[in-house]
Amino acid sequence: MNVGIEDISIYGGTACLDVMELAKHRKLDGNRFENLLMKQKGVALLNEDAVTFAVNAAAPMVQRLSQEEKSRIEMVITCTESGIDFGKSLSTYVHDYLGLEKSCRLFEIKQACYSGTAGYQMALNFILSGVSPGAKALVIMTDLARYTVAEGGDSLTEDWSYAEPSTGAGAVALLVSDNPKVFIADVGANGYYGHEVMDTCRPLPDSEAGDSDLSLLSFLDCCDKSYQEYKKKVPEADYLKSFNYLSFHTPFGGMIKGAHRNMMRKQFKMEPDAIETDFRKRVEPSLVFCQQVGNIMGGTVFLALVSTIYNSDNLDAARVGIFSYGSGCCSEFYSGVFTQYGQQYVKSLNFAQLLSQRYRLSIDEYETLLRENALVAFGTRNIQLDQELHTKFYTPSSESSSGNSPSNNVSKSSGKRLFLSKINEFHREYQWV
């Protein structure tokens, strides 16, 4: 049985920020910042959260299904570090606003940035089990960074400032089934490797802590070790020859360039110029969308996969090696194939155009947002997001860098989108705009 991704969708929010402008504003070291290989980051507005990102990613995909196909979605898995409740799953909201059948498993996975791969692998195995022939699983990775700064408070710390440009907001939705027209999984070709390490963590709902150097070392070690485990399952695998392309979990592009260089040196003792050529050919296509959205935790590895399919050369069939990493830690190297038809289909979804239509926040608008983010932070009990609060970003200022509002962009791109309207006794209520 062939299994894999039947359909896929990405969502980079309604607003973004030029990270070079942010770096200059924060007075970051230019040479250090250039190594991030970042261009833009998705930014969550006050009326956007992990639920709205998830629904807005999945809705176009669900709308493409017939009623009969839609009724066969029997599992909804949300994968996130940006939950809004310690008990209630985001999947319940997502399931409701997508109008799916009640006969459906709903649950959530948290395992740092590995969560998306965990959800995908669980969905694959549900389909492979054959317990419900023809069933489909909806897997949605949704995350955002909601930094907050108190009015008149201290300036950002240096460590926080360097994490800020690379951490974004967005979601990726996968429809997993036995009709994998987008991406065919290499069943059984998985190498996983995990151990306890305190590289990064979230001791508080809206705060991250950790050791960036340790995180990099753990990432590099797990990339090598999980690939070695993959080779135990697929002895004939060759890192250079077996994969037309490579897609990594991408906290920032520079980290992936270093990880690929490390693998090529270990495997083949290759010279720097040859490594650079291989990087541009097999890895660089995966970075295009990641450079425009930023790190969206569990969804980043699939954002990289979509970018690979969308931006790579046309081939009859291409195998992609995928490396997923989540701090703490768990990692996995796995693979699959996209066909020329799959690539043409993904290109037809115009993801590049949708990302280009986002509202570009000015630095002043972004700073205002940072000061007001606490209004909708984790644990907010009651708030009404009134018209005045909405129009702060929907009505472009004379200083806005885009010249048109997010609401105009929304209407031009994909019709209605879901936004948070109020929180009533912790229950979040949303509306389509």
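Start by selecting glutamate 425 and arginine 381. They form a salt bridge, and their closest N and O atoms are 2.8 Å apart. A salt bridge here is a side-chain nitrogen of Lys or Arg within 4 Å of a carboxyl oxygen of Asp or Glu. The pair links distant parts of the chain, 44 residues apart. Glutamate 425 is in the loop between strand S16 (418-424) and strand S17 (427-432). Arginine 381 is in the loop between helix H15 (363-372) and strand S15 (383-384). Helices (H or I, at least four residues) and strands (E, at least two) are DSSP runs, numbered from the N terminus.

Color by accessibility next. Glutamate 425 is partly exposed at 42% relative accessibility. Arginine 381 is partly exposed too, with a relative accessible area of 45%. Buried means under 20% relative accessible area, exposed over 50%, and partly exposed in between (1.4 Å probe, protein chains only).

A note on the model: it is predicted, local features need pLDDT of at least 70, side-chain atom pairs count only at pLDDT 80 or more, and totals for chains, interfaces and linings use all residues. Residues are numbered from 1 along each chain as its sequence is written, and side-chain values use heavy atoms, with hydrogens and water left out.

Now select aspartate 7 and arginine 64. This salt bridge has its closest N and O atoms 3.0 Å apart. Aspartate 7 sits in strand S1 (residues 4-11). Arginine 64 is in the loop between helix H3 (50-63) and helix H4 (67-71), and the two residues are 57 residues apart. Aspartate 7 is buried at 4%, whereas arginine 64 is partly exposed at 37%.

Move to glutamate 81 and arginine 202. Their salt bridge has its closest N and O atoms 3.2 Å apart. Glutamate 81 lies in the loop between S4 and H5 and arginine 202 in strand S9 (residues 200-204), so the pair ties together parts that are 121 residues apart in sequence. Glutamate 81 counts as buried at 16%; arginine 202 is partly exposed at 27%.

How many salt bridges does the structure hold? It holds 16.

Last stop: serine 89. Look in the loop between strand S4 (73-79) and helix H5 (90-97). Serine 89 is buried, with a relative accessible area of 11%. Show its side chain. It makes a polar contact with the side chain of serine 91 (2.6 Å). Another polar contact joins the side chain of serine 89 to the side chain of glutamate 108 (3.3 Å). A polar contact is a pair of N or O atoms within 3.5 Å; within protein, one must be able to donate a hydrogen and the other to accept it, and residues adjacent in sequence count only if both atoms are side-chain atoms.
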